[in-house]
Amino acid sequence: MRGSISITCAVLSALLLTACGSNNSKEQANQNNGGNPSGSTISAAYQGIWVASGYADVLEVTHNSVNYYKYSSDYCVLQASFDGITTAELNRSVSLNEDETALRWIAGYGTDTFGAPARELSKESALPASCQSGVLTESSSLSNQELFALYNQIMQEYYVDFDRVDVDWPQLAYNLSLPVTNDINTLYEAIYSSYVALQDGHNSMTAADGTLIKVLGKQNHTMDLIEEYALDNSLSYPLQANELSA
């Protein structure tokens, strides 16, 4: 069994806080953006390769199209592709700084003048090495072992600080990779176990089949009530599956 790249997109989006999109045709882009006149273009100042290395974001902008990638050292995933885009439409998501050397990613951060600090993409002369060949798309197929290797690399390169949570990630990832087989549940279990070790509620993964993998770093109020109920009724805590459904 080989996993869909949709799982990869979900992993990337979960770790790097961006929506996972599929490729979009010109017709789809026009429907989403209100339609574009034939032959419309993006200003030359916006054209080129723009990279936010800390967020693994890459925008490849041509005279009328935008490719959006997420990348690590060895992997690159085409998250979305839009044709027939105008400068005005591009400006809904990014804005060019005064010296035209960087784009500010304002989408999801408020507006260009109000909101949380936006991430910045610097202009580069070329795509990251992993995006120059073998780019993964929504139709790509990876084995569960390959998907876990991708997940491992994303975590190694982009997780905030393993020392802070006292986790030896390379050793943990190696140990968790060993039981991963062609059974998709073994991949889910490996990722879940890594979240348990990190105890960081910021991490989550939604797989292509809708499976949500998430571990709450701190006990919330609902869990406090469940614990109180368990103690008052002489039950073990955490409750077992049969106790939850009883």
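The model is predicted, so local features need pLDDT of at least 70 and side-chain atom pairs count only at pLDDT 80 or more, while totals for chains, interfaces and linings use all residues. Residues are numbered from 1 along each chain as its sequence is written, and side-chain values use heavy atoms, with hydrogens and water left out.

**Overall make-up**

The protein contains eight helices and eleven strands; these are DSSP runs numbered from the N terminus, helices being H or I of at least four residues and strands E of at least two. Of its 246 residues, 42% count as buried, meaning under 20% relative accessible area with a 1.4 Å probe and protein chains only. Among contacts with a separation of 6 or more, 55% are between residues 24 or more positions apart, where contact means heavy atoms within 4.5 Å.

**The sheet**

An open sheet is formed by seven strands in the order β5-β4-β3-β2-β8-β7-β6, with antiparallel pairing; two strands pair if DSSP finds at least two bridges between them. At the edges are β5 (76-83) and β6 (94-96), each of which pairs on one side only. From one strand to the next, the twist averages 25°.

| Pair | Sense | Bridges | Residues facing each other |
|---|---|---|---|
| β4 (residues 65-71) and β5 | antiparallel | seven | Lys70 and Val77 |
| β6 and β7 (residues 102-105) | antiparallel | three | Val94 and Trp105 |

β4 and β5 form a hairpin, with four residues between them. Six of the eight residues of β5 are buried, so β5 is largely enclosed by the rest of the structure.

**The helix pair**

Two packed helices are described by the angle between their axes and the distance between the axes. Helix α4 (residues 144-158) and helix α6 (residues 184-198) pack at an angle of about 20°, and their axes are 9 Å apart. Axes are lines fitted to C-alpha atoms, for helices over the stretch in contact, and angles run from 0 to 180 degrees between N-to-C directions. α4 and α6 are therefore roughly parallel to each other, a term for angles under 35 degrees.

On the α4 side the contact is made by Asn144, Leu147, Phe148, Tyr151 and Met155, and on the α6 side by Ile184, Leu187, Ala190, Ile191, Ser194, Tyr195 and Leu198. These residues divide into ten nonpolar, two polar and no charged. Nonpolar covers Ala, Val, Leu, Ile, Met, Phe, Trp, Tyr, Cys and Pro, charged covers Asp, Glu, Lys and Arg, and the others, Gly among them, count as polar.

Definitions and conventions
Buried < 20%, exposed > 50% of the residue type's maximum accessible area, 1.4 Å probe, protein only. Parallel < 35°, antiparallel > 145°, perpendicular 65-115°, else oblique.
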